[in-house]
Amino acid sequence: MIIEIQPTTTAWQMPYSGDYENKSIWNGSRGIWSVDIKQPEINIVRRYTPLPLYFMKSEYTRSGDRSPLLKVIDPDIDEYDREGTMCLYIKRYDDGEVSKYITSKKIGDTLELRGPYFEFKFPRHPLNLHYSRPIFKDIPSKVEPENFRSSIIQQNGLPDIDTIDFYGGGTGIAPILQVLFSRKPYLGHVNVHYSTRGAEELGPSLSRFLFFLDKL
């Protein structure tokens, strides 16, 4: 299941309003982060990797005539990241106390989160001072070309950027998707080795994104 969550308060936004682009937690060139979610009935927590996604809503989706379309937050036109909106990609296990608790929630119910926690930080590369990679968008033709990266590396005598090899299965694909969907994606190439019984397990929305990422 892909579940959209958003904060119940806006008070936290004020410290970020001045320089949000540099303060934003959605920085794929920095590393991978997660949050704890609490199951208060038995007082246990599990850690999940949020994704910068949201469901497009309209009068048709609210009335049930259509299913909401899952989209990647575009910081150039969307305010969802500034509002704290994010999605969790969760598999419900019959013996999973937290996953059962989260997936049984109704729209408007509250979850308790704690974090963020950086699970892994990428080594700082000097190219970050000179260049930002174009962000991923829902339609590949809208993604800006990387015209100047090679020339900037050559002109400034910078070292090559490491290639990431990522291995995962099931909902474990979330960490690398966070890196690739964030407002500042990782600057190097990424090879994803992903195991699943079939593409249908991902659902149509994530399968579409993986197809576009492969093309890009």
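## Salt bridges in the predicted model

The structure holds 11 salt bridges, a salt bridge being a side-chain nitrogen of Lys or Arg within 4 Å of a carboxyl oxygen of Asp or Glu. This is a predicted model, in which local features need pLDDT of at least 70 and side-chain atom pairs count only at pLDDT 80 or more, while totals for chains, interfaces and linings use all residues. Residues are numbered from 1 along each chain as its sequence is written, and side-chain values use heavy atoms, with hydrogens and water left out.

## The Glu-119 and Arg-47 pair

Glu-119 forms a salt bridge with Arg-47, with the closest N and O atoms 3.5 Å apart. Glu-119 belongs to strand S7 (residues 112-121) and Arg-47 to strand S3 (residues 44-48), so the pair ties together parts that are 72 residues apart in sequence. Strands are DSSP runs of E with at least two residues, and helices are runs of H or I with at least four, numbered from the N terminus.

Glu-119 is partly exposed at 43% relative accessibility, and Arg-47 is partly exposed at 42%. Here buried means under 20% relative accessible area, exposed over 50%, and partly exposed in between (1.4 Å probe, protein chains only). Both residues belong to a network of salt bridges that links Asp-36, Arg-47, Arg-114 and Glu-119.

## The Glu-146 and Arg-133 pair

The side chains of Glu-146 and Arg-133 form a salt bridge at 3.1 Å, N to O. Both residues lie in the loop between S7 and helix H5 (149-155), so the pair ties together parts that are 13 residues apart in sequence. Glu-146 is partly exposed at 30% relative accessibility, whereas Arg-133 is buried at 15%.
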